[in-house]
Amino acid sequence: MIIKPKPQQNNLRKGRYSQENQVYHITTTTLNRAPIFKDITKARVIINVLMKSDKLDKTSTLAFVIMPDHIYWLFQLNRSHLLSKVVQSIKSISAHQIGQSIWQSGFYDHAIRKDEDIQNVTRYIVANPIGAGIVTKIGNYPHWDAIWI
């Protein structure tokens with residue numbers, strides 16, 4: 001089922017749509033690319049917020065990595081939730097719990113197509129701390145998870 005946002009909603013990107021059970025890869029950055037998530041406590045806040053979204057059955061997380069100034073999140077959108085509302089909720093709750101404005105407005109989303117290898121997308125997400133030169137082995141980076149690894 002495809003859910004189109006109401007016309008009065010402020011879409012973060014034209015053409016964005018929400019499809020039940022669709023897998024999405026989203027990227028969102030911190031305000032002014034500040035390295036907020038170098039702080040382990042703040043990184044754990046966002047991880048807990050992602051897991052809470054799963055517990056509320058809005059999403060089913062497949063993989064994520066929390067980088068110092070942005071996050072990558074691969075998840076299945078559950079039930080009749082709007083993608084923009086789910087991401088807005090994650091950002092709002094985490095900012096409230098951290099106690100400061102932390103997010104740039106908007107986010108990048110990519111709906112995973114049937115012909116895409118979801119495990120390759122996961123590898124790309126998880127390998128980001130290595131590509132950024134933060135660690136040489138992903139096992140040395142504390143802020144990631146993937147259901148396949």
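This is a predicted model: local features need pLDDT of at least 70, side-chain atom pairs count only at pLDDT 80 or more; totals for chains, interfaces and linings use all residues.
1. A hairpin of 3 residues links strand β4 to strand β5. The two strands run antiparallel, with 7 bridges between β4 and β5 (residues 70–77). Strands here are DSSP runs of E with at least two residues, helices are runs of H or I with at least four, and both are numbered from the N terminus. Two strands pair if DSSP finds at least two bridges between them.

2. Residues are numbered from 1 along each chain as its sequence is written, and side-chain values use heavy atoms, with hydrogens and water left out.

3. Strand β4 also has a partner in β7 (residues 144–146), again antiparallel, over 3 bridges. How buried is strand β4? Of its 8 residues (59–66), 7 are buried, so the strand is largely enclosed by the rest of the structure. Buried means under 20% relative accessible area, exposed means over 50%, and partly exposed is in between (1.4 Å probe, protein chains only).

4. Now for the whole protein. I get 4 helices and 7 strands, in the order β-β-β-α-β-β-α-β-α-α-β from the N terminus. Of the 149 residues, 46% count as buried. Among contacts (heavy atoms within 4.5 Å) with a separation of 6 or more, 67% are between residues 24 or more positions apart. The protein exposes about 8300 Å², with carbon and sulfur atoms supplying 51% of that; the areas come from the Shrake-Rupley method with a 1.4 Å probe, and for residues only the protein chains shown count as cover.

5. Val 23 is worth a click. This residue belongs to strand β3 (residues 23–29) and is buried at 14% relative accessible area. Leaving out residues up to four places away in sequence, Val 23 touches Leu 62, Leu 74, Phe 75, Gln 76, His 110, Ala 111, Ile 112 and Ile 118. Take Leu 74: it sits 51 residues away along the chain, yet the C-alpha atoms of Val 23 and Leu 74 are separated by 7.0 Å.

6. On to the aromatics: the structure holds 4 aromatic pairs. One of them is Tyr 72 with Tyr 124, edge-to-face at 5.9 Å centre to centre and 75 degrees between the planes. Tyr 72 is in strand β5 and Tyr 124 in helix α3 (residues 118–126), so this pair ties together parts 52 residues apart in sequence. Tyr 72 is buried at 10% relative accessibility, whereas Tyr 124 is partly exposed at 46%. Separately, Tyr 24, Trp 73 and Phe 75 form one aromatic cluster. Rings of Phe, Tyr and Trp (its six-membered ring) pair if their centres lie within 6.5 Å; planes under 30 degrees apart are stacked, over 60 edge-to-face, and the rest tilted.

7. Last stop, His 70 in strand β5. Which side chains make polar contacts with His 70? Arg 33 does, at 3.5 Å, and so does Asp 69, at 2.6 Å. A polar contact is a pair of N or O atoms within 3.5 Å; within protein, one must be able to donate a hydrogen and the other to accept it, and residues adjacent in sequence count only if both atoms are side-chain atoms. His 70 is buried, at 9% relative accessibility. Beyond its neighbours within four places in sequence, His 70 is in contact with Thr 27, Thr 28, Thr 29, Thr 30, Arg 33 and Val 65.
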